Protein chains: 2
Amino acid sequence: MTHLPDCPLCQPANPLHLIWRNDKMRVVSVDDPDFPGFTRVIWHDHASEMTELSEEDRQAFMDVVWKVEGVMRAELLPKKINLAQLGNMVPHLHWHVIPRWPLDSRFPDAIWAAPREHTPEQELAWSIFQENLQAQLPAFRAALRDLLENHYV
Amino acid sequence: MTHLPDCPLCQPANPLHLIWRNDKMRVVSVDDPDFPGFTRVIWHDHASEMTELSEEDRQAFMDVVWKVEGVMRAELLPKKINLAQLGNMVPHLHWHVIPRWPLDSRFPDAIWAAPREHTPEQELAWSIFQENLQAQLPAFRAALRDLLENHYV
């Protein structure tokens with residue numbers, strides 16, 4: 001296993017954010033109030049591109065990404081799932097799995113775009129919706145942990 | 001196969017942009033001068049999320065994404081590959097495979113972020129680099145077509 005001292009993703013996960021881990025990767029909650037449910041799947045070993053992994057590792061990695069997406073859809077009912085592996089700033093393989101809703105601050109743009117203008121009514125509706133979502137997150141995380149633990153015995 | 005009359009990705013690909021296709025998906029060049037080499041892998045059937053596909057279809061889809069990434073790395077030597085499946089505007093499964101370079105207009109941000117400020121010297125360097133990249137694109141596309149055709153006989 002390669003771990004670099006200066007790479008933030010080579011350091012152990014904050015236990016407060018950890019949903020699940022095995023010997024290859026970890027699943028963590030992203031603490032971003034604009035995107036409740038935002039989840040990352042982070043490969044433990046320091047590698048930058050998917051094609052640096054073996055086919056077997058790549059499939060195992062994506063299998064967890066699909067499981068995160070599946071539980072996210074079932075538990076949070078987002079309008080759309082966004083998946084991204086960018087790593088321009090931190091070139092250590094990690095997948096963003098982001099649930100999106102029509103009233104979130106960037107919809108229908110990518111989350112990295114500038115926020116859209118919203119009316120006060122839209123902002124109010126979003127803040128109520130957001131609060132509901134926050135309340136659903138413990139059940140989402142528990143369902144995801146349960147699926148991953150039972151699948152990878 | 002489901003095809004929707006109002007979905008732009010349910011329509012046949014522009015033959016000018018088509019690199020390769022089989023009965024499940026197509027690989028097309030994205031004509032974006034800011035990101036030479038930008039390539040998309042588009043599923044033919046109208047589906048919105050990866051977890052709507054069968055496991056077999058999902059693997060076949062990703063296998064082509066990995067091949068695009070592999071040839072892109074070998075032929076264009078990008079600093080980083082960015083992969084994204086967003087679809088908030090067009091919810092028909094398509095993967096963006098984007099080669100990134102330190103002088104491109106958004107680096108190290110996502111391509112959907114606002115452009116960064118560049119000095120005239122940086123802009124000049126990028127325009128020369130960009131021209132070289134454009135000249136390499138036919139070889140990149142030919143190598144990709146060749147790999148995909150020989151793999152999927």
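Modeller: A loop residue and its surroundings

In this predicted model, A:Leu86 sits in the loop that runs between β4 and β5 of chain A. Its relative accessibility is 6%, so A:Leu86 counts as buried, the cut-off being under 20%. Neighbours within four places in sequence set aside, A:Leu86 is in contact with A:Trp112 of its own chain and with B:Lys80, B:Ile81, B:Asn82, B:Leu83 and B:Ala110 of chain B. A:Glu49 is 37 residues away from A:Leu86 in sequence, and the C-alpha atoms of the two are 9.3 Å apart in space.

Chain B is superposed on chain A by a rotation of 180° with 0.0 Å of shift along the axis, at an RMSD of 0.0 Å. The two copies are therefore related as by a two-fold rotation axis. Both copies use the same surface, since 100% of the contact residues of chain B recur in chain A.

The chains also meet through helix α1, residues 55-76 in each chain. The axes of α1(A) and α1(B) come within 12 Å and cross at roughly 125°, which means that α1(A) is oblique to α1(B). The crossing of α1(A) and α1(B) is right-handed. On the chain A side the meeting residues are A:Arg58, A:Gln59, A:Met62 and A:Trp66, and on the chain B side they are B:Arg58, B:Gln59, B:Met62 and B:Trp66.

The contact of α1(A) with α2(A) divides into 13 nonpolar, two polar and three charged residues.

Two backbone features remain. Most residues other than glycine have a negative phi, and most peptide bonds are trans. A:Leu77, in the loop between α1 and β4 (80-85) of chain A, is not a glycine, yet has a positive phi of about 50°. With 65% relative accessibility, A:Leu77 counts as exposed. B:Leu77 lies in the loop between α1 and β4 (80-85) of chain B and also has a positive phi, near 50°. B:Leu77 counts as exposed at 64% relative accessibility.

The other feature is a cis peptide bond, which joins A:Phe107 and A:Pro108 with omega at about 5°. A:Pro108 belongs to the loop between β5 (94-100) and α2 (120-151) of chain A. In chain B, a cis peptide bond joins B:Phe107 and B:Pro108, with omega at about 0°, and B:Pro108 is in the loop between β5 (94-100) and α2 (120-151) of that chain.

Note on methods. Residues numbered from 1 in each chain as written. Chains lettered and ligands numbered in written order. Predicted model: local features only at pLDDT ≥ 70, side-chain atom pairs only at ≥ 80, totals over all residues. Heavy atoms only, no water. Axes fitted to C-alpha atoms, helices over the stretch in contact; angles between N-to-C directions. Helix = DSSP H or I, 4+ residues; strand = E, 2+ residues; numbered from the N terminus. Parallel < 35°, antiparallel > 145°, perpendicular 65-115°, else oblique. Left-handed = near helix turned anticlockwise from the far one by under 90°. Contact = heavy atoms within 4.5 Å. Least-squares fit on C-alpha atoms with pLDDT ≥ 70 in both. Buried < 20%, exposed > 50% of the residue type's maximum accessible area, 1.4 Å probe, protein only. Nonpolar A, V, L, I, M, F, W, Y, C, P; charged D, E, K, R; others polar.
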